Amino acid sequence: MKKSYCIIPQLLLLAWFFLDMIGIYFSDSYLVTRSYKEDGIFFLIYLATVILFIFKEKVGKWAVAVWTSIWFVIQFLCHEWYTIFGKGIMGPLEGKIKFFSGAVKWLEIDGRYIPDVYHTILHILILAVVITSAIYIRNTKSDP
């Protein structure tokens with residue numbers, strides 16, 4: 001796998017996650033709220049791993065793979081876990097549903113939390129980076 005194939009999902013994730021830093025609002029809903037105070041450190045860490053990958057590939061590929069793997073687990077516990085089990089680490093289900101009540105959603109079911117559009121795409125992009133990074137690491141290990 002070429003480095004460019006690995007960097008494309010990283011940059012897409014970086015751009016999508018940047019929306020979380022600025023927020024995207026509509027008249028009566030939002031794609032994502034401006035959350036740089038809550039998520040800014042995650043953004044900066046991810047930005048640093050991408051920069052490291054670009055300029056110091058041998059270390060950067062591992063930094064990207066490890067960080068996005070950790071990030072995916074955190075996101076899974078904070079979102080999909082609620083969908084699957086109806087409870088989670090971030091408080092009661094009702095609070096989670098209320099917190100995201102104004103978000104643009106794919107589907108809404110009373111009494112059930114379903115990740116909104118922003119978070120679904122975020123999780124797919126994180127997973128894409130984890131997978132492409134793992135493939136890239138595997139392929140670069142076998143290169144002479």
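How far apart are the mean positions of the positive and negative charges of the protein chain? The 14 positive and 11 negative charges have mean positions 11 Å apart, with Lys and Arg counted as positive, Asp and Glu as negative, and His and the chain ends not counted. Each charge is placed at NZ of Lys, CZ of Arg, CG of Asp or CD of Glu.

The model is predicted, so local features need pLDDT of at least 70 and side-chain atom pairs count only at pLDDT 80 or more, whereas totals for chains, interfaces and linings use all residues. Residues are numbered from 1 along each chain as its sequence is written, and side-chain values use heavy atoms, with hydrogens and water left out.

Turning to the fold, the chain holds five helices and two strands (DSSP runs numbered from the N terminus: H or I of at least four residues for helices, E of at least two for strands). Their order along the sequence is α-β-β-α-α-α-α. The C-alpha trace spans about 55 × 30 × 25 Å along its principal axes. Of the 144 residues, 40% are buried (under 20% relative accessible area with a 1.4 Å probe, protein chains only; exposed is over 50%, and partly exposed lies in between).

One salt bridge is found in the whole structure (a side-chain nitrogen of Lys or Arg within 4 Å of a carboxyl oxygen of Asp or Glu). Lys-3 forms this bridge with Glu-57, their closest N and O atoms being 3.9 Å apart. The pair joins helix 1 to helix 3 across 54 residues of sequence. Lys-3 is partly exposed at 28% relative accessibility, and Glu-57 is partly exposed at 27%.

Lys-96, in helix 4 (residues 93-99), is buried without a salt bridge; Asp-116, the nearest side chain of opposite charge, is 7.9 Å away. Beyond its neighbours within four places in sequence, Lys-96 contacts Cys-78, His-79, Tyr-82, Met-90 and Tyr-113 (heavy atoms within 4.5 Å).
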